[in-house]
Amino acid sequence: MLEQRWSDPSAIRKFDGIVKSLSDDQAKLVGVRAVNHAGAKTKTQVIRTLTKQTGLKRKDIVPAVKPQKANFSQLAYVMKSIGGDVSLKKFDPKETGEGVVAKPFGKRTLYPGAFMKSGAPWEGRAMSPKLHGSVFHPVCNGGWGQKIEKSKSGVVIPAEMIKGATADTFNRTSGPALQARLEHELKRLLL
């Protein structure tokens, strides 16, 4: 979870005269508008960075990051994500003679013994509608007909959101965006 709050009054000290003349509701409205605008701007940057960091497509990241906007009772813009280990199916997998190659974290990785197609090599392997394009691996090293399960990538969006380049992007973007927007909202009151 990433959270952006308005808690630094020094950012608006130069507008002290205006702030003192505002009613509580007007001050909260300025805060809500500023936090939501800066939060949306930060979310765009977080999604862009998270896409690169995980190797997922943007269309998979956007619905995974759920914003909770600021309101009069809570001056915070929160980005949450839930979910577990993402299936290899989402990382452009390709079956080779040695297994499956996919790109979690943006890096080509070979998963030996994994497969996406059905049929024996001498019969010509083909995509099976029953496998739905997913990547599977055998549970134990037996022969044909053994138990299989879906292969996972090791990418967990909520965990990736709060570390590495994505966390750096959030920290670098959120503060300046919020301060600039607070100044903008206060200047609007002058006009």
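Predicted model: local features only at pLDDT ≥ 70, side-chain atom pairs only at ≥ 80, totals over all residues.
Which residues is Ser134 in contact with, leaving aside its neighbours within four places in sequence? The answer is Lys89, Phe115, Met116 and Lys150.

**The chain as a whole**
- Five helices and 12 strands make up the secondary structure listed for the chain.
- The chain has 191 residues, and 39% of them count as buried.
- Among contacts with a separation of 6 or more, 58% are between residues 24 or more positions apart.

**Ser134, a loop residue**
- You will find Ser134 in the loop that runs between strand E9 (126–127) and strand E10 (136–138).
- Ser134 has a relative accessible area of 3%, so this residue is classed as buried, the cut-off being under 20%.

**Gln53, a helix residue**
- Gln53 belongs to helix H2, which covers residues 24–54.
- With a relative accessible area of 16%, Gln53 also falls under the 20% cut-off and is therefore buried.
- Not counting residues up to four places away in sequence, Gln53 touches Phe105, Glu160, Lys163, Gly164, Ala165 and Thr166.
- One of these, Thr166, makes a polar contact with Gln53, side chain to side chain, at 2.6 Å.
- Ile157 lies 104 residues from Gln53 in sequence, while their C-alpha atoms are 9.9 Å apart in space.

How values were computed: Residues numbered from 1 in each chain as written. Heavy atoms only, no water. Helix = DSSP H or I, 4+ residues; strand = E, 2+ residues; numbered from the N terminus. Buried < 20%, exposed > 50% of the residue type's maximum accessible area, 1.4 Å probe, protein only. Contact = heavy atoms within 4.5 Å. Polar contact = N/O pair within 3.5 Å; in protein donor to acceptor, adjacent residues only side chain to side chain.
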